[in-house]
Amino acid sequence: MSDPSRVYDVVVIGAGPAGENLAERTSAAGLTSVIVENELLGGECSFWACEPSKALLRPVVARADARRVPGLRRSVEGSLDIPAVFAHRDKMAAYWQDADQVDWLNSVSVDLVRGHGRLDGPRQVVANTQDGETVRLTARHAVGVSTGTVTAIPDLPGLDKVRPWTNREATAARRVPGRLAVVGGGVVAVEMATAWQALGSQVTMLVRGSRGLLNRMEPFAGELVADALRDAGVDVRFATSVTEVAREDGVDSPVHITMANGDSMVADEILFATGRSPHTADIGLETVGLVPGDWLTVDDTYRVTAVADGWLYAVGDVNHRALMTHQGKYQGRIAGAVIGARANGEPLDDSRWGPHAATADSDAVPQVVFTDPDVASVGLTTQEAERTGRRVDVVDYDIGRLAGAAQYADGYRGKARVLIDLDRGTVVGVTFVGPGVQELLYSATVLITSEAPLERLWHAVPAFPTISEVWLRILETYRDRAGQVE
Ligand SMILES: Cc1cc2nc3c(=O)[nH]c(=O)nc-3n(C[C@H](O)[C@H](O)[C@H](O)COP(=O)(O)OP(=O)(O)OC[C@H]3O[C@@H](n4cnc5c(N)ncnc54)[C@H](O)[C@@H]3O)c2cc1C
Ligand SMILES: NC(=O)c1ccc[n+]([C@@H]2O[C@H](COP(=O)([O-])OP(=O)(O)OC[C@H]3O[C@@H](n4cnc5c(N)ncnc54)[C@H](O)[C@@H]3O)[C@@H](O)[C@H]2O)c1
């Protein structure tokens, strides 16, 4: 690196999906922008999370779908072609190379420094490059932190000697373990249990709580996914806390797992799918008055609230608002527009749903869980509505009753729940569970963000016979119920 000290309008630390979008938008606003990345451009999502995990799941779900179509079942009776699945996974993870992302970064006029970035006081970032040099980057307007998260592994006796799987091994492994223990009952746990059971492992899920799987979602989501996992052969155990792990005969020997209730089991690998920790322990937070290792709390324009003068922004997982790629990208787009407007002296429109406000973070975060059945949700759940005192009507519909569902699969099982704000007559929460429901999610998201009155939906005619007719059935159920009350 020939120039160890450089000045930019905007410096971004971390080139995952959130950081990439932030830098692209600040560059589009005419601001000189640089991004510091320590590993691969594209972040966790491209290489050890979304892309490889969905590549592992796609053949599993497609086969399950095919087995439910009369006339097709016998064609898909055999086991999966594991080398072909892994080859597809490798391709979808771009063979863990980021050359395409580098080309894209060049095309949007964002500079790249490959190295570890650390804050060094207000508007200062020091990058230790992979060539062993130190580059000081000064930001005229803003520094964005988008350093993401790492697996939060509980501090258990023996853990340092068992080389547990995190999301990285679970998405990039080249061998199918005979027995895989999965600790946790959240999204990573259910997706990876679905994938590895179908790839040939005997999976045991060790779930600490007794409130079911996916317990931030509507309870029926976790129930339907748990039923399907059990049908697929997964041993799902609730109220089971791991207290100790050991590989008694060296790193390649089986792992012995001890539980709080006195049970024990043996597995070949153990995956911790136990949530995420902010990747902020070593990014110089202490130099700007923040605590290393903390999440970065932001306002609705993504400014870090605890830092004076509003020059520090945080987008993506690291602000702990909604740990998903699409939401991090949304945050990058909004924060980029905010930084651009502030730097260019333009007025901010941070009104609800305005271009400079993160309204979707609170009202409409969509999520798809790519299990069999898939789960698709956006907006409030019933529990959240109760907790926040929101007056809602809850309308349920059994998706399996639709002609479109019967066409889709023999014995289709699925459920829809729609929450309607009683005061405004708009949809504020939607959960769909069932094969193929993921593509319905955007319709629900548009409905929530547009705040369209429910009545207008009578004119939005779903095609027959598709699963989207669920919207019509929800309307009819709601109308007929209201009729009964009158
Ligand atoms: C198994 C798994 C599957 C998932 N599947 C999905 C899915 O299907 N859909 C979905 O929406 N979400 C999914 N997620 C969540 C998704 O991966 C994250 O929400 C997303 O990656 C967050 O993006 P980010 O840019 O905030 O952070 P990250 O993707 O974590 O990127 C952060 C980047 O910052 C870099 N970095 C960190 N510290 C420094 C430093 N000091 N200096 C320089 N660079 C640094 C890192 O190397 C990394 O490249 C999944 C997560 C997991 C674990
Ligand atoms: N399809 C998707 O959109 C997708 C897929 C995977 C991950 N993600 C995102 O990545 C994030 C991380 O996923 P995750 O599944 O790791 O987290 P999570 O928060 O969804 O689930 C964590 C699970 O681990 C359990 N747990 C926590 N600490 C534990 C401990 N000490 N011992 C035993 N169990 C413990 C929790 O009770 C919970 O069941 C999520 O926010 C999720 O939204 C998204």
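Leucine 214 is buried, as 25 other C-beta atoms lie within 10 Å. A residue counts as buried if 20 or more other C-beta atoms lie within 10 Å of its own, as exposed if 12 or fewer do, and as partly exposed in between, with C-beta atoms placed from the backbone. The model is predicted: local features need pLDDT of at least 70, side-chain atom pairs count only at pLDDT 80 or more, and totals for chains, interfaces and linings use all residues. Residues are numbered from 1 along each chain as its sequence is written, and chains are lettered from A and ligands numbered from 1 in the order in which they are written.

The backbone of leucine 214 has a phi near 50 degrees, a positive value in a residue other than glycine. Leucine 214 sits in the loop between strand E8 (202-206) and helix H8 (219-231). Here helices (H or I, at least four residues) and strands (E, at least two) are DSSP runs, numbered from the N terminus. Glutamate 451 is not a glycine either, yet its phi is positive, at about 50 degrees. Glutamate 451 counts as partly exposed, with 15 C-beta neighbours inside 10 Å. Its loop runs between H13 and H14.

The loop between helix H13 (441-450) and helix H14 (470-485) also holds proline 465. A cis peptide bond links phenylalanine 464 to proline 465, with omega about -5 degrees. Another cis peptide bond links aspartate 372 to proline 373, with omega about 5 degrees. Proline 373 lies in the loop between strand E16 (367-369) and strand E17 (374-379).

A residue is near a molecule or strand if its C-beta atom, placed from the backbone, lies within 6 Å of it. Ala, Val, Leu, Ile, Met, Phe, Trp, Tyr, Cys and Pro count as nonpolar, Asp, Glu, Lys and Arg as charged, and the others, Gly among them, as polar.

Strand E3 leads on to a set of paired strands. Two strands pair if DSSP finds at least two bridges between them. E3 and strand E4 (residues 124-129) run antiparallel and are joined by five bridges. Glycine 117 has alanine 127 of E4 as its bridge partner. The two strands form a hairpin with four residues between them. In its turn, glycine 121 has a positive phi of about 95 degrees. E4 also pairs with strand E5 (residues 134-145), in the antiparallel sense and over five bridges. Valine 126 is bridged to arginine 136 in E5. The hairpin of E4 and E5 has four residues between the strands, and glycine 132 takes a positive phi near 85 degrees.

Ligand 2 has 21 residues around it. Pro154, Gly184, Gly186, Val188 and Leu323 are the closest. Helix H7 (187-199) and E16 each supply at least two residues of this shell. H7 gives the most, with four residues. The shell around ligand 2 divides into eleven nonpolar, seven polar and three charged residues.
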